[in-house]
Amino acid sequence: MGEEQAVIVIDMINDFVTGKLGSEHAEAVVPNLRDFLERAKEEDILKIFVQDSHEEDDPEISHWGPHAMRGEEGSETVPKLDGLANRKLNKRFYDSFYKTDLEKVLKKNEIVEVILTGVTTNICVQNTAAGAFYRGFDIVVLKDCTAASSMQKHEEALDYMESIFGANILSSDEMIEKW
Ligand SMILES: [Zn+2]
């Protein structure tokens, strides 16, 4: 089963974890995600990091202010997760599929199920789940490897993805048990 899955790590970059848009919830996810990615590596499961890398004129910049600007430290993978990606892709919108090579990379590797991790549960993770749903991928979201600015927003987004996109909401241990 493992070769048909890919882990997508969304926006685990300095600005969203410890920087200007960071949160204690995002920081708490780092060790869980690190352990999970190490296990995925043992299982030879593809791990793709998709990260904000913004230009000044991106629509998000007028909405949120400058963040994750291309070439700056804020747009770099958090140090504790760096080195665990098989592939890194830059994005400029919430949806990791939009104007990126993600779909192409997944199809090339014959992936049928994406395991979504990272931040923010109710923004980029949820929009990426929509992108995956539109393209026919099966979706797992790891509840202990995703985070939002509050637990309420986190839980609501998990419920939304489960009910609207048919996402399977699992803990990282539950996912590992299936391997
Ligand atoms: Zn952004």
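Tutor: Glu 155, Glu 156, Asp 159 and Glu 162 gather on the surface in a patch of negative charge. This is a predicted model: local features need pLDDT of at least 70, side-chain atom pairs count only at pLDDT 80 or more, and totals for chains, interfaces and linings use all residues. Residues are numbered from 1 along each chain as its sequence is written, and side-chain values use heavy atoms, with hydrogens and water left out.

Student: What are patches made of?

Tutor: Residues with over 30% relative accessible area and no salt bridge, with like charges joined within 9 Å. Areas come from the Shrake-Rupley method with a 1.4 Å probe. A salt bridge is a side-chain nitrogen of Lys or Arg within 4 Å of a carboxyl oxygen of Asp or Glu. Asp and Glu count as negative, and the charge is placed at CG of Asp or CD of Glu.

Student: Where does Glu 162 lie?

Tutor: In helix H6, residues 151-165. Helices are DSSP runs (H or I) of at least four residues, and strands (E) of at least two.

Student: And what is the relative accessible area of Glu 162?

Tutor: 44%, so Glu 162 is partly exposed. Buried means under 20%, exposed over 50%, partly exposed in between.

Student: Switching to the fold. How many helices and strands?

Tutor: Seven helices and six strands. From the N terminus, they run β-α-α-β-α-β-α-β-α-β-α-β-α.

Student: Why call the chain as compact as a globular protein of that length?

Tutor: Its radius of gyration is 15 Å, close to the 16 Å that the globule rule gives for 179 residues. The radius is taken over C-alpha atoms, and the rule is 2.2 Å times the number of residues to the power 0.38. Buried residues make up 52% of the chain.

Student: What about phi of Asp 11?

Tutor: Positive, about 55°, although Asp 11 is not a glycine. Asp 11 is in the loop between strand E1 (5-10) and helix H1 (14-17).

Student: Is Asp 11 buried or exposed?

Tutor: Buried, at 1% relative accessibility.

Student: And phi of Lys 99?

Tutor: Near 60°, again positive in a residue other than glycine. Lys 99 lies between strand E3 (87-91) and helix H4 (102-108), in the loop. At 67% relative accessibility, Lys 99 counts as exposed.

Notes:
Patch = residues over 30% accessible without salt bridge, like charges linked within 9 Å, V, L, I, M, F, W, Y side chains within 5 Å. Buried < 20%, exposed > 50% of the residue type's maximum accessible area, 1.4 Å probe, protein only.
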